[in-house]
Amino acid sequence: MNHVYILGGAQSDFARNWAREGLDLYALFRETLEAGVADAGIEPAQIEVGHVGNFVGDLFSRQGLIGGFFAHVYPELAGIPTARHEAACASGSMAILAAMRDIEAGHYSVACVVGLELMRNVDGRTGAEYLGAAAWQGQEAQEAEFPWPHLFDRITAEYEQRYGIREEHLARIAEINFGNARDNPHAQTRNWTFPDGCFGPDDQLNPVVDGRIRKLDCGQITDGAACVVLASENVARAHAQRQGLALADLPRIKGWGHRSAPLLLERKLALSAGQPLVFPHAAKTLEDALHRAGYAEVTEADGLETHDCFTITEYLALDHSGLTPPGQGWQAVEDGRIARDGSFPVNASGGLIGLGHPVGATGVRMVLDGARQVSGRAGACQIRGAENLLTFNVGGSTTTCASFVVGVGE
């Protein structure tokens with residue numbers, strides 16, 4: 001197999017409001033692509049194929065065909081093949097998978113992936129309506145003012161019914177992720193302040209959004225983009241030599257998983273009735289990525305960047321990854337292993353809750369964070385000794401699941 005290496009990349013500052021600055025989707029694309037190419041240390045003309053992860057540019061920005069932006073940023077890219085990929089919040093991961101296939105098949109040697117979303121240019125109610133496009137329109141969450149808090153509260157209720165669940169464990173996940181984000185110079189919430197008692201059931205400090213979902217359980221509506229430059233082994237070897245590195249020093253994608261389920265949440269829950277896990281296909285996605293990387297257990301990785309659009313989403317990743325028995329994610333919260341200085345750090349970046357969640361960018365950002373972690377470039381967010389990092393990215397109510405193992409070494 002032609003291994004896929006990560007030469008570099010970039011992430012925008014997720015605290016920026018681009019519309020407020022008078023800037024558009026193209027400005028976000030251009031700035032992030034230029035930064036990613038510079039970080040990778042390549043000439044733009046080396047890019048042979050471009051892939052874009054984006055969910056709802058057509059609604060928020062009235063803009064489709066985003067792959068056409070590559071040639072506006074760099075005229076030498078006019079004529080390269082490009083494509084856009086959509087799988088709701090997993091759109092970025094789909095773009096990376098497509099770029100990997102190009103390289104693995106030997107069709108191209110250098111691929112550039114840009115994931116992006118501009119979402120703060122409309123009011124919250126309109127944004128919630130647009131994001132609801134990843135639920136089945138007219139079939140679910142019709143009575144909800146905010147579809148996604150409603151649907152993930154339904155998942156929380158399913159955990160309550162099957163295993164029992166306590167709000168203080170979900171609140172602790174939020175507290176950890178906001179805390180990690182303080183150290184991330186790209187995080188939307190890095191300068192937020194949190195009064196005493198806000199990570200709890202105080203209706204003033206942490207108001208209810210829907211059911212058991214409170215304000216601080218929610219990922220943030222964010223503008224942002226992330227870029228990675230992927231390369232074949234031959235290109236990566238030459239790149240490493242120029243930098244005085246061994247090929248094994250460069251991060252590569254060691255394993256991947258990708259599975260999909262029916263669109264309706266209730267259909268998913270019906271399919272898993274009586275089974276140990278709520279979303280077996282999600283567990284298989286993570287298992288596939290670990291197996292392809294040659295690992296039998298999740299703890300053979302050094303940490304996890306996981307989807308936490310809500311705290312319950314991270315909670316389910318804890319048991320679906322095999323870190324805890326089914327329904328017992330609270331164990332990993334209580335014993336401290338998911339903290340950045342714990343035995344298995346989760347969302348050292350701050351995650352979607354602390355860092356922010358520009359939908360199309362998230363899957364790409366996770367892989368970029370993985371590459372930075374395993375090459376010792378994560379700054380204040382660095383996991384000590386990290387050589388392999390696992391990602392888990394979700395679109396919709398786990399309709400699309402994607403996972404990657406990013407690592408160094410053989």
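Accessible areas here come from the Shrake-Rupley method with a 1.4 Å probe, and for residues only the protein chains shown count as cover. On that basis the protein chain exposes about 15,400 Å², of which carbon and sulfur atoms supply 48%. This is a predicted model, in which local features need pLDDT of at least 70 and side-chain atom pairs count only at pLDDT 80 or more, while totals for chains, interfaces and linings use all residues. Residues are numbered from 1 along each chain as its sequence is written, and side-chain values use heavy atoms, with hydrogens and water left out.

**The chain as a whole**

- The protein chain has 14 helices and 11 strands, which are DSSP runs numbered from the N terminus (helices are H or I with at least four residues, strands are E with at least two).
- A compact globule of 410 residues would have a radius of gyration near 22 Å, and the 20 Å of the protein chain agrees with this; the radius is taken over C-alpha atoms, and the globule rule is 2.2 Å times the number of residues to the power 0.38.
- Of the 410 residues in the protein chain, 60% are buried, a term that means under 20% relative accessible area, with exposed meaning over 50% and partly exposed lying in between (1.4 Å probe, protein chains only).
- Contact means heavy atoms within 4.5 Å, and among contacts in the protein chain between residues at least 6 apart in sequence, 77% join residues at least 24 apart.

**Helix α7**

- Helix α7, which covers residues 167–181, has 15 residues and reaches 21 Å from its first C-alpha to its last, close to the 21 Å expected at 1.5 Å a residue; the expected span is 1.5 Å times one less than the number of residues.
- Because 11 of its 15 residues are buried, α7 is largely enclosed by the rest of the structure, and the buried residues include L170, I173 and A174.
- The cover over the buried residues of α7 includes α6 (147–162), α11 (311–320), α12 (330–334) and α13 (351–354).

- T311 is found in helix α11 and counts as buried because its relative accessibility is 0%.
- Not counting residues up to four places away in sequence, T311 touches L170, I173, A174, L216, D217 and I353.
- V364 has its place in helix α14 (residues 362–374), and it counts as buried because its relative accessibility is 0%.
- Leaving aside neighbours within four places in sequence, V364 is in contact with G92, I96, V113, G115, A226, C227 and V228.
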